[in-house]
Amino acid sequence: MRVTERAAVSAARWRGRGNEKAADQAAVDAMRRELNRLTIRGTVRIGEGERDEAPMLFIGETVGTGHGPRVDIAVDPLEGTTLCAKNMPGAIAVVAMAEGGTLLNAPDVYMEKVAIGPGFPLGTVDLDMTPEENVYSLARAKGVATSEITTLILDRPRHADLINAVRRTGASVHLITDGDVAGVVATAKPDSGVDLYIGTGGAPEGVIAAAALRCIGGQMQGRLILDTEAKRERAERMGVTDPRKKYDSSDLVRGDCLVAATGVTDGPVLRGVKFRGNLIETETVVYRSATGTTRFIYAEHRQLDKFHLD
């Protein structure tokens, strides 16, 4: 929680300023500082930044004091950099931690994803199905018409054919500009109005989303998009021997895990950071797989020097 709080507060200083890189850098720097205060032997197994040369907590970086348990970490210090830069809803700081050696170790590439909430037979949706087949299969499992299925998809030109395919089934499409961790998690929330997530997005976000579903229930599959020789070589050096492997959530996150997310801007799940004179307010959600617990934590911070805001 403290890790994502610090990152969120630092990023929130850049809300609406139109500078995505500066907001991301502020979140990364704050997250790194706080991770290094933890009594862990942490390794960033999947991080952000390789793909677009953004500031990063890089893959393989060690964090923590060097004492305590061995921990694998997946980070997205600022999910929704554009949302933050434009002060739009839904930007968050998010991190997943798991037992050492249990998170997928993969390069920062894109990932094909499909996800649904809990309560359905395994195989209800599958990456090897067409978009239409996934919609029809989920509708059958829910006992509803396809017109009652809402599919969440990132609004990207690469998804034009996918969007058209889903709409041909009669299902509705909910487009989002950013934030596919929250998008996947939404499938497990009964009041979200989202039944199915499908499309391609970042691999770090995919691993974090899989960790969240391990805590709250649901199904997810992911496949790394290794479409160049350089990407395949990087992945092989990290232990990925099958470039077309289809991972389910238990492959992406094999051990007990924790996920924390703090709102940067106001969103459907979390309120953004509020600056009120000498007071900073944050809202964080923490998921724990060992108990299936979800905790929402509202915090007031008065020791402002702890946030390194200058």
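Reply: Glu 34 is buried, with a relative accessible area of 6%. Buried here means under 20% relative accessible area, exposed means over 50%, and partly exposed lies in between, with a 1.4 Å probe and protein chains only. The model is predicted: local features need pLDDT of at least 70, side-chain atom pairs count only at pLDDT 80 or more, and totals for chains, interfaces and linings use all residues. Residues are numbered from 1 along each chain as its sequence is written, and side-chain values use heavy atoms, with hydrogens and water left out.

Glu 34 lies in helix H2, which covers residues 20-35. Helices (H or I, at least four residues) and strands (E, at least two) are DSSP runs, numbered from the N terminus. Beyond its neighbours within four places in sequence, Glu 34 is in contact with Arg 2, Val 3 and Arg 6; contact means heavy atoms within 4.5 Å.

Helix H2 also holds Asp 24. Asp 24 is buried, at a relative accessible area of 3%. UniProt, in an unreviewed entry, places a "binding site" feature at Asp 24 and Glu 48. UniProt positions are in the numbering used here, feature names are shortened, and annotations may be inferred rather than shown by experiment.

The unreviewed entry in UniProt also gives the feature "binding site" at Asp 76, Glu 79 and Glu 205. These residues are spread over 130 residues of sequence, yet they cluster in space, the largest C-alpha distance being 8.1 Å. Asp 76 sits in strand S3, residues 70-79. Its relative accessible area is 3%, so Asp 76 is buried. Apart from neighbours within four places in sequence, Asp 76 is in contact with Ile 92, Ala 93, Val 94, Glu 205 and Ile 208.

Glu 205 belongs to helix H7, residues 203-216. Glu 205 is buried as well, with a relative accessible area of 14%. With neighbours within four places in sequence left aside, the contacts of Glu 205 are Asp 76, Glu 79, Lys 113, Asp 180 and Val 181.

H7 itself is mostly covered, with twelve of its 14 residues buried. Among them are Glu 205, Ile 208 and Cys 215. From first C-alpha to last, H7 reaches 20 Å, close to the 20 Å expected at 1.5 Å a residue; the expected span is 1.5 Å times one less than the number of residues. Gly 217 follows H7 and has a positive phi, near 100 degrees.

A disulfide is a pair of cysteine sulfur atoms within 2.5 Å, and the structure holds zero of them. Cys 257 is buried, with a relative accessible area of 5%, and Cys 84 is buried at 0%.

Last, the domains. The assignment gives domain 1 (1-103 + 257-307) and domain 2 (110-252); such bounds come from an automatic or database domain assignment. The contact takes 25 residues from domain 1 and 23 residues from domain 2. Between the centres of domain 1 and domain 2, taken over C-alpha atoms, there are 23 Å. About 1,900 Å² is buried between domain 1 and domain 2, and carbon and sulfur atoms give 69% of that area. Buried area is the accessible area (1.4 Å probe) that two parts lose on being put together, summed over both.
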